[in-house]
Structures are given as C-alpha cells and as structure tokens.
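Please find below a short note for a colleague who is meeting this structure for the first time.

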Amino acid sequence: AAGRQLSLATAGLLLALAGCDSGFGQATARHLDAMGFQVFASVLDPQGPGAKELRRSCSPRLTLLQMDLTKPEDIQRVLQHIQAHTNSTGLWGLVNNAGFNDTIADAELSPLGKFRTCMEVNFFGSLELTKGLLPLLRSAGGRIVTVSSPAGDLPFPCLAAYGASKAALSLLMDTFRSELQPWGVKVSLVLPGYYKTGTTCDPAFWNLQKQRLVASLPRELLQAYGEDYVEEINRQFIQFMKVAVEDLSAVVNSITDGLLAANPAVRYYPGQGLGLMYFIHRYLPYFVRDLFLKGFFINPKLPRALRREHHDDAKK
C-alpha cells in the first residue's frame, strides 16, 4: 500500500472533494495537495474563512469550486468544470464529504423541512455528484470515498433527520460498491466518531437553533413535550460536544487510505469507542443498545405530558 501511494502521488492524479469549507474536507484537501495531487475542492462560500485558508496553505494545483449541493445548477457547473479538465486523464478519486445538520430534537419535534434539507445535501447532492462523475471514475478505474456517520447505522436520540439521510447515503454507497466492482472502481465508507468540525461545537449556534425550533413548534406539541424538554436536550448535546476530538488526522488518514491503498477497506471507523458501540448494536438486545446510546449521547427527560406533576395539576 505504501508503494502504491508513492507512485500515485508522484503521478499527480486528479481528485474531486466535496465540502471543503471546514473540518474533514478542508484538512483532507490540504493533505492531498501536499502529497502532490491535483485537487478540485468544492466550497459553499468561496469568500469564507475556509476557502481563504485553502488558498493560503495550498499549492496552485488546488482548484476551488463554489457548490451548494441543494442547487442542481451548482452541481452541473462543477461537473462541467471537472469534466473539461479531466476528459483526457479520467478522475482518480471522488470524496463525498459535504454534510448538513442543524437540528437536535426528537423526530416529532423536527420540522419536515429539516428532514428534506438533510436528504438534499447528505443524500441527493452526493448522489447527483457521484453519478455525474462516474464516467470519469470508470475510465480511470478510480475510487469513491464517502464520509457517512454511525448515526446512519444506530438510532441516536434526537438525530433522526441527520441519521436517516446518512443511512440512505451508506446504503447507496454500498450499492455502488457492488455495482461498480466489474469496472474496477472501489468504493469505501468512512464513519467517524466525534470530532470538532465547523459549527458542531459552537454553543451559540446550537442555542440559536434551539430558539428557532421552539418558536416554530405548534402550541399543542410544545405543551406536550415542554420547552424545558427541548432546553435539556440542547444542554446535553452542547456538553457532549465538549469532548469532541480536535485532531482530525485519523479521519484524513482513513480517507487517504480509501483513495490510495491497493485494497482499501469497505468501511473505516476512525474514532474512539466505535468498536464497543457497534458490538452492542450487533450482538446485544435492542433495549441495551438504546440505554447505551442514551447514556453515551443524549438522555432526554420525560416529556411534560407524561410527568406525574402534570397529571397531578390536571386533576386539580
């Protein structure tokens, strides 16, 4: 694998990375650029701090492309640019990294629009980009590496919208892996643990999202659960994210291995505690798994309508 990586790096092969404004995408783009690859890195905001950092720290080989995965015209523009620059060479690798989630709440409390936005970015955007680049990837016998999430495998409390979109993405990539095998295209999934990326660890961001959620809820639903229920979920989530890992190298190394190893893994699990989590998920009863996830991540309090004091008040 090491020899294969060296020969590929010196060949200057072309790679496309989606979602490089921050986090895993930005760190991976810098790493692959430093290895000598020609990288097409998409960003949501070409004037944002992430894009400026890539311009500052990377070589002239790196090309920044603006792309919003919820806008088909953006995806088509990026596809046309990459196709124009790789038709003669093919494309060695695609990294699907862009992701979206801005709601931490029960599925019933999460607006339908949040489910749709998660699916648009995390599933349909990656699907359209992957399908558009497949002819180039097939011609090169290249690689697809997609960053998904353990939340797509396990029912994490209060992550239904995000988890459902990642579950769809993981299944899609497993299907591509099987279907593209005859073409020599290898497909890998990366399912990271808990890392500090973008706004994920910004309490101000999550407090604002919580306030917007509470303001949007129908009166009857808010009464049934209670505003303090939503407050407690938000408090526990912010507390949990304080232990997020700042060093992204394990994820960057997994993505790089998926692109360059002679026999890349089907799934990579960078991050602590994932082995135990998946063991419990696969081999122990469902109630044990649910208890573990609540203890590990978020354990919501009882909704207001189910509390004894609420029933006592109702009887008076």
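The numbered points below take up confidence, the sheet, the nonpolar cores and the salt bridges.

1. Before anything else, it should be kept in mind that this is a predicted model. The chain averages a pLDDT of 91, and 94% of the residues score at least 70. Over residues 1–12, however, the pLDDT is below 50, although this stretch has 17 contacts in the model beyond near neighbours in sequence. I would ask the reader to treat the placement of residues 1–12 with caution, given that pLDDT below 50.

2. Seven strands make up an open sheet with parallel pairing, and their order across it is S3-S2-S1-S4-S5-S6-S7. Strand S3 (63–66) and S7 stand at the edges with a single partner strand each, so one side of each is left without a neighbour in the sheet.

3. Within that sheet, strand S1 (residues 14–18) and strand S2 (residues 38–43) run parallel and are joined by four bridges. As a point of reference for the eye, alanine 16 has phenylalanine 40 in S2 as its bridge partner. On the helical side, H6 lies across S4, S5, strand S6 (186–190) and S7, and runs at about 160° to S6.

4. Which residues touch the most other members of the largest nonpolar core? They are Ile82, Leu133 and Phe156, in a core that counts 62 residues. The largest share of this core, eight residues, is contributed by H5. Leaving aside residues up to four places away in sequence, phenylalanine 156 touches Pro150, Ala151, Tyr194, Met277, Leu293, Phe296 and Phe297. Another core lies apart from the largest one and has 28 residues, among them Ala27, Ala41, Leu62 and Val252. As general background, nonpolar side chains tend to be buried together in soluble globular proteins.

5. The salt bridges in the model come to 13. In one of them, lysine 114 pairs with aspartate 102, and the closest N and O atoms are 3.0 Å apart. Lysine 114 lies in helix H5 (residues 112–140) and aspartate 102 in the loop between strand S4 (93–96) and H5, so this pair ties together parts that are 12 residues apart in sequence.

6. A second pair, arginine 267 and aspartate 153, meets through the side chains in a salt bridge of 2.9 Å, N to O. Arginine 267 lies in strand S7 (residues 267–268) and aspartate 153 in the loop between strand S5 (143–147) and helix H6 (160–180), so parts that are 114 residues apart in sequence are tied together here. Arginine 267 is partly exposed, with a relative accessible area of 24%, and aspartate 153 is partly exposed as well, with 22%.

7. Aspartate 174 and arginine 177 form a further salt bridge, with the closest N and O atoms 3.8 Å apart. Because these residues are three apart in helix H6, aspartate 174 and arginine 177 are separated by about one helical turn. Aspartate 174 counts as partly exposed at 22% relative accessibility, and arginine 177 is partly exposed at 32%. Through salt bridges that share partners, Asp153, Asp174, Arg177 and Arg267 are joined into one network.

How values were computed:
Residues are numbered from 1 along each chain as its sequence is written. This is a predicted model: local features need pLDDT of at least 70, side-chain atom pairs count only at pLDDT 80 or more; totals for chains, interfaces and linings use all residues. Side-chain values use heavy atoms; hydrogens and water are left out. A salt bridge is a side-chain nitrogen of Lys or Arg within 4 Å of a carboxyl oxygen of Asp or Glu. Helices (H or I, at least four residues) and strands (E, at least two) are DSSP runs, numbered from the N terminus. Buried means under 20% relative accessible area, exposed over 50%, partly exposed in between (1.4 Å probe, protein chains only). Two strands pair if DSSP finds at least two bridges between them. Contact means heavy atoms within 4.5 Å. Axes are lines fitted to C-alpha atoms, for helices over the stretch in contact, and angles run from 0 to 180 degrees between N-to-C directions. A nonpolar core is a set of buried Ala, Val, Leu, Ile, Met, Phe, Trp, Tyr and Cys residues joined through side-chain atoms within 4.5 Å. pLDDT is the predictor's confidence in each residue, from 0 to 100.
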